Amino acid sequence: MLSNSEVAVFCRQSAMILKSGLSIMEGMAILEEERENQNSGYGEIYGDIRKNLEETGIFYEALDTEAIFPPYMVWMVKIGEETGNLDKVMGQLADYYEREENMAADIKSAVAYPLMILCMMLVVLAVMIIKVIPVFAKVYEQLGSRPGGVAGVLFSMGSFMQTHWELPVIFLCLLAAGVWWLLKTRQGMQVFRKATERFFSRKSIGRKRNTSRISSVFSMALSSGTDYVQAAEMAGSFVQADEEMTRKITECTEKLLRGEQLSEALRDTGFYSPLQSRMLRIAERTGQMETAFCEIATQLDEEITAGIQNFVSVLEPTLVVVLSVMAGGILLSVMMPLMGILSLIG
């Protein structure tokens with residue numbers, strides 16, 4: 001399966017080809033030749049699409065045969081072909097997947113930097129236990145004392161880790177390799193993205209992101225000629241992991257089947273804020289629903305970006321404070337008994 005950025009590039013190129021007056025088959029041949037000259041693996045993909053187009057003449061079937069494009073994209077291409085709006089649909093798909101990629105990048109940066117700080121915290125604590133704590137242990141040994149409690153546990157840990165120094169080194173190497181795998185490899189980034197999406201899905205950021213996705217789906221579906229019920233069903237497939245959002249979409253679909261207006265159905269299910277619901281009601285009366293949905297999606301994306309930045313701005317100093325407290329706690333747990341012994345000696 002192609003990544004969001006790769007799908008966005010493909011859709012953008014396809015939209016440019018169609019708007020230039022070339023057929024999609026001619027465009028795939030041009031892209032195939034260009035990629036082959038660049039020794040890129042995508043040349044084979046474009047070649048397979050071109051061959052399927054020569055056999056069937058249907059673009060969405062050629063994409064579906066490749067099995068590397070998202071089902072939603074293939075479905076929208078089918079609608080675009082059937083309604084004669086393929087160039088417009090491909091441009092909208094490019095915008096959608098670019099927003100998805102930008103949002104994923106924002107979430108990745110929001111989690112990646114704190115993750116790096118956490119790794120640094122572990123390194124600092126490991127150095128303290130291996131190098132600093134044994135120095136205090138020798139001082140206690142020269143004084144003929146062996147403290148208990150937290151200090152005793154830290155001395156035991158320091159002694160063990162000095163004797164088996166290879167264990168913390170192996171652990172840190174595995175940790176570094178794990179972080180590199182998560183942030184630099186395709187498979188790791190997919191795992192990282194799913195984990196971060198699951199984390200943020202429990203927060204307001206996740207709800208806003210799902211609402212933004214659904215707004216984008218409604219905008220593209222309606223502009224390509226899809227009816228309200230089909231658009232709602234397509235939108236529901238994007239939020240299956242969120243039970244509350246799925247329930248609201250299901251209720252909205254049922255209201256549409258009973259003949260209610262889309263803006264009223266969305267308002268009654270509490271899917272949008274009152275201001276957004278009024279915007280949709282006015283847009284429905286003026287025939288500008290797809291434009292209103294697009295504006296709502298853009299607004300929500302901006303709110304999500306601001307929310308992520310606020311999250312990071314709070315998390316970073318929090319981690320620094322935690323590291324400082326932990327380091328200070330370790331030193332105090334060792335120093336306090338030593339100060340007591342020195343005061344008795346004095």
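**Cysteines.** I started with Cys252, and at 1% relative accessibility I can call Cys252 buried, because buried means under 20%. A note to myself before going on: this is a predicted model. Next I looked up Cys294, which has 34% relative accessibility and so counts as partly exposed, since that class lies between the buried limit of 20% and the exposed limit of 50%.

I then wondered how many disulfides the count comes to. I reminded myself that a disulfide is a covalent bond between the sulfur atoms of two cysteines. With a cut-off of 2.5 Å between cysteine sulfur atoms, I get 0 disulfides.

**Gln276.** I turned to helix 14, which covers residues 274-286 and holds Gln276.

**Cavity.** Last, I searched the whole structure for cavities of 30 Å³ or more and came away with 1. For the largest cavity I noted a volume of about 60 Å³. Which elements give two or more residues to its lining? I wrote down helix 6 (86-142), helix 10 (204-223) and helix 15 (289-345).

Among the lining residues I jotted down Tyr96, Arg99, Glu100, Arg213, Asp301 and Ile304. Sorting the lining of the largest cavity by class, I have 5 charged, 3 nonpolar and 2 polar residues.

Terms used. Residues numbered from 1 in each chain as written. Predicted model: local features only at pLDDT ≥ 70, side-chain atom pairs only at ≥ 80, totals over all residues. Heavy atoms only, no water. Buried < 20%, exposed > 50% of the residue type's maximum accessible area, 1.4 Å probe, protein only. Helix = DSSP H or I, 4+ residues; strand = E, 2+ residues; numbered from the N terminus. 1 Å grid on protein atoms, 1.4 Å probe; cavity = no way out; pocket = protein on both sides within 12 Å on 5 of 7 lines; lining within 4 Å. Points joined across faces, edges and corners; volume = space filled by probe spheres on them. Nonpolar A, V, L, I, M, F, W, Y, C, P; charged D, E, K, R; others polar.
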